[in-house]
Amino acid sequence: MKKKKAIVYQVFARLFGNTNTTNKPWGTIEQNGVGKFADFNDKALSEIKNLGITHIWYTGVPHHAVINDYTAYGISNDDPDVVKGRAGSPYAVKDYYNVNPDLATNPAERLEEFKALINRTHKHQMKVLIDIVPNHVARKYEGLTNPEGVSDFGANDNKSVEYARDNNFYYIPNTEFEVPKWENNYSPLGVDSNSLEDNKFKEIPAKWTGNGSRLPQPNFNDWYETVKINYGVRPDGSKDFEILPDTYFQMGYQAHFEFWKTKDIPDSWIKFKDIALYWLDLGVDGFRFDMAEMVPVEFWSFMNSSIKMKNPDAFLLAEVYNPQLYRDYIHKGKMDYLYDKVELYDSIKHIMQGHGWTDHIPVVQKGMQDIEHHMLHFLENHDEQRIASLDFVGKAEIAKPAMVVSATLSASPTMVYFGQEVGEPGNEEAGFGSPTRTSIFDYIGVPNHQRWVNDKKFDGGQLSESEKSLRDFYKRLLNFTIKSDALMGDYQEIHFYNKEHTENYDHRVLSYVRWSENEKLVVVCNFDSNKNYDFELKIPSDIISKWQLSGEIHQLEEELYGTKEYQLYINEGVGKIQVSLQPLESVILNIQ
């Protein structure tokens, strides 16, 4: 069976089904509401599937530190002085063997409710991804439902030393942790008070903070709500474990698994491997690994080969931002996919904002040629600004050509962030979270998305005509990409050839071809929001030859809307297509 494109829908579980529109800054769960696992019902999942989605990344599932009182369920309260926002950061995990009680209709049954969601998602032929955050955990980590034989992070640490290989944390011996000095009139819960909000948090000895700060009183801008995990990297940066030989660069996960089988492994490695295998046993199909480059690549070789031995089809996506590390984390670390942020996303963002030229995209793609299938494309995620926010471009439609490029340029998966498909602007003053990004720290409603939710009918009934049109565009594009053979095949840019040989073609337009044995595509995009482009696109003779096209005229089918008729004329070995593009219009032309 031929492999097809993967389309990941990142959805913040806490926000997806919340229909409360109060949006009070720093609002409580009672004031602003919260979504539940149960909101992903059959209708919601059917509509997500029909959008063209193959994988759902449920963000914020593992039990992280929260402010709500769940002591009735045996869960200890978290201290607002080391929690960000009212709802807490999903990246300060408190218990890796259970799920966020906020998301459950009955918190006592929270894990069973998530298992039911896994099963519902699978019933709709989509895979389930969740986060694993290996670099850090919440300051008050506390596993309530650990499997037999599993001890909490730090439970067996020697706390009298800064570092020991099998300690889970780094310590500042004989020193007490201090809450950061709050800046800009900040208060952990906004204007409201809480009995635990006293600028104190008992931690003796103090631990290193998640971003690597070794101060007993971390800075306000440090990841003060988390503590860094020790993987056997000494404080001077040297490694207290076997180094993976370079010969393993091109070896499969089976060889990596065999390599580590005979090695003495740091305790933190084993803990996270056990966590991943636990979730696989519950039916999770893969993981998004937070800040993977802050953790040694040897750990990933051990972790991911263990995962693949259990489930060879597991989908492993990592957040890595240093292009110099990409190949190490793919080949040595056995990652399936990395964020293509620093190269493609940043380039496309500049073009959308009017700063950059499309000329840069073929250059980026050429540099990624050897790993292009491994580089996940996106225009939004929880860390990035919403496209429609004023600080990005202020209008969701401006992303249309960028989205076509993101989805069709390579064989890589494409990711869409919930609400992106209806132009969510992220304007809310949520509390700890600031506008332009939909807050991941607060209880908040997501207005455009809520209009699609339509009182949990999940039918778009309250969307404006422009929002409906935008979602229709995403649906058409994504559904085409998951069916296309050519998009998993070959790529060649024709942009620079047309810049040289075609009148009225310039750096606001982009063109390239994609093909397989059974499908041949020409993709042309207009990034200009004000200008029409009319030109005779040229298909160079080497491509015509590779495609083995005979005859003079070939009919073309336009795959997005199919409202215009196009023809390819071959003259002296060069193909020619008369193209007329409206502002922000793209065409995907399929040679019949």
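Phe 535 stands opposite Val 579 in β21. Strands here are DSSP runs of E with at least two residues, helices are runs of H or I with at least four, and both are numbered from the N terminus. β18 and β21 (residues 574–581) run antiparallel and are joined by seven bridges. Two strands count as paired if DSSP finds at least two bridges between them.

This is a predicted model: local features need pLDDT of at least 70, side-chain atom pairs count only at pLDDT 80 or more, and totals for chains, interfaces and linings use all residues. Residues are numbered from 1 along each chain as its sequence is written, and side-chain values use heavy atoms, with hydrogens and water left out.

## The open sheet

Eight strands make up an open sheet with antiparallel pairing. Their order is β15-β16-β17-β22-β19-β20-β21-β18. β15 (490–493) and β18 (533–539) stand at the edges. Each has a single partner strand, so one side of each lacks a neighbour in the sheet. From one strand to the next, the twist averages 25°. Angles run from 0 to 180 degrees between N-to-C directions, with axes fitted to C-alpha atoms, for helices over the stretch in contact.

Helix α11 (residues 400–408) packs on this sheet. It touches β16 (509–515), β17 (520–526) and β22 (586–591). Contact means heavy atoms within 4.5 Å. The direction of α11 makes about 150° with that of β17.

β2 (residues 55–59) and β5 (residues 127–132) pair in the parallel sense over three bridges. His 55 has Lys 127 in β5 as its bridge partner.

## The α6–α7 pair

The axes of α6 (residues 267–281) and α7 (residues 297–310) come within 10 Å and cross at roughly 25°. The two helices are therefore roughly parallel to each other. That label covers angles under 35 degrees; over 145 is roughly antiparallel, 65 to 115 roughly perpendicular, and the rest oblique.

Residues of α6 in the contact include Trp 269, Phe 272 and Leu 280. From α7 they include Phe 299, Phe 302 and Met 303. By class, the contact has 10 nonpolar, one polar and four charged residues.

Technical notes: Nonpolar A, V, L, I, M, F, W, Y, C, P; charged D, E, K, R; others polar.
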